Number of protein chains: 2
Amino acid sequence: MAVIECIPNVSEGRRPEIVAAMADAIRAVPTVRLLDFSSDASHNRSVFTFAGDAPGVERAVLALFERAIADIDLRVHKGEHPRMGAVDVVPFVPIEGVTMVECVELAKKVGATIADRFGIPVFLYEEASTNPLRKNLEDIRRGEFEGLAAKMATEGWAPDFGPSKPHPSAGASVVGARMALIAYNINLATDRLDVAKKIAAGIRHSSGGFRFVKAAGFTLGDRKIVQVSMNLTNYEKTPIFRVFEVVKREAARYGVNVLESEIVGLVPSAALHAAAEFYLQLEGFKPEQVLENKLRTEN
Amino acid sequence: MAVIECIPNVSEGRRPEIVAAMADAIRAVPTVRLLDFSSDASHNRSVFTFAGDAPGVERAVLALFERAIADIDLRVHKGEHPRMGAVDVVPFVPIEGVTMVECVELAKKVGATIADRFGIPVFLYEEASTNPLRKNLEDIRRGEFEGLAAKMATEGWAPDFGPSKPHPSAGASVVGARMALIAYNINLATDRLDVAKKIAAGIRHSSGGFRFVKAAGFTLGDRKIVQVSMNLTNYEKTPIFRVFEVVKREAARYGVNVLESEIVGLVPSAALHAAAEFYLQLEGFKPEQVLENKLRTEN
């Protein structure tokens, strides 16, 4: 069976009963599993993680929109996190037995349905993007809800689906397909923030590092250590082990050791297998040799 | 759902039609998947690998015995591999959602049924063993089919289930539970067989090495390199990465590099995750963080 993950971000993180109602709407779809959801009050935003087959995931997204439109009004919404829609962003992620191309198709189908059914403009992003200037979420969202009507009136900002003006209370939504994202941190055995910041600058894409790494340096004040905090946005093309080895080497340049690393939240099994394959110098290894993969694909 | 793997070894490797009929008997059980089977003509032996829930695996084993008893006569069986039964050995291996204790219980239940239904003596081994002198397969099988009647007449060799004499044509069977076994080889960038042999001696249990490692040194003549060939019999207690690192270090002592390693056949996903966890220095990592595990256990 195909498994697609969907991680919608919704502009409500302060009213638990509203968030719970949205979670229930997702859970009500039989072929979908709600894996996680969490709210941030200062961001006034919630993130849901669920997975299922394509029809189930589509149904769950539409059910979520129905609730969000009824309960969220961006004209009165305040929060630290940038946003332009009640359901702000909806990524589809291929997990098992499904290709990126199929997730792109699903994003377009669901995007068109959202526009038709709810009168919400939809912008496609990442792998589903139809315009290189509208691939990054940050570029599409720049100006936020408050600047959206003006932005949509300028050339190049007609939505992919739906009306040419924002929905009065629900704004616009960004829908697309992307690889699974890994939140990965490396903690250094030092309190020198400059070291973490220099390493982060060296490995992140924006300043010349790996293409699929976003990184920043932080202090973990309570532990008196520093952290290189990362998002790995394509673990197949920029694998964990390569990032880890480069961070370790760059830290050594400052006489600093890696204390530990951590994965925050979920990680695809294949991302860990790739690390094992690298370090054990495994030759000719095939995914079918993983017992669990074999169990799920054979016969 | 619980997943138990079963890897019966059968004393027939020369008549493909007989082997195919046994494979079909396993495939006929709806809740079981036949993952692999292979025959060795010089050993005159076949190995089946299948997996399923406890009732399914039990049914498949009994169906296999029914065919094997009809088609195999050990009085006329010749082959290089030691054997004492038509179905020589039946291990149950816990894979997912099932404990070793449950696999031991299943081994005892299936063993008793084999004895009752087919009149075959059954010896329990490995984790299911009820006697420390009868834990290792090699100890139980010593003397083979030809010496079995005499052996069973001596003290301490009454079977765990069934008659006190061998079945005339099917001998006796060894049934038990064990951890998944990983066939793991490390190839060295040298043609010096003495180096592979010394390293194998250093890491294997029998000569003072790791408790759950069997190892030997070989020449891969066609490639002009040598190999440390291993069976890892408990990857939780003697993990792949520790064995790899020690082999690498011992090779360095002789000025030799590790060229590559290889996993032969199947490997449990968790064994690779443990390697990733070690090399990436992952702190606080939990199996539930693996997306595929989460998908299969939640809701």
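Tutor: Let us start with a definition: two strands pair if DSSP finds at least two bridges between them. Helices (H or I, at least four residues) and strands (E, at least two) are DSSP runs, numbered from the N terminus. The model is predicted: local features need pLDDT of at least 70 and side-chain atom pairs count only at pLDDT 80 or more, while totals for chains, interfaces and linings use all residues. Residues are numbered from 1 along each chain as its sequence is written, and chains are lettered from A and ligands numbered from 1 in the order in which they are written.

Student: In which sense do strand β8 and β11 of chain B pair, and over how many bridges?

Tutor: Strands of a sheet pair through backbone hydrogen bonds, either parallel or antiparallel. Here β8 (residues 182–188) of chain B pairs with β11(B) in the antiparallel sense, over 6 bridges. B:Asn185, for instance, has B:Glu262 in β11(B) as its bridge partner.

Student: What is the order of the strands in the open sheet of chain B?

Tutor: The 4 strands follow the order β9-β10-β8-β11 (chain B), with antiparallel pairing. β9 (213–220) and β11 (258–264) of chain B are the edge strands, each pairing on one side only. From one strand to the next, the twist averages 20°. Axes are lines fitted to C-alpha atoms, for helices over the stretch in contact, and angles run from 0 to 180 degrees between N-to-C directions.

Student: Which strands does helix α7 of chain B lie across?

Tutor: Helix α7 (residues 240–253) lies across β8, β9, β10 (225–232) and β11 of chain B, and runs at about 20° to β8(B).

Student: How many residues of chain A are in contact with chain B?

Tutor: Two residues are in contact if their C-beta atoms, placed from the backbone, lie within 7 Å. By that criterion, 37 residues of chain A are in contact with 38 residues of chain B. α8(A) gives the most to the side of chain A that touches chain B, with 6 residues.
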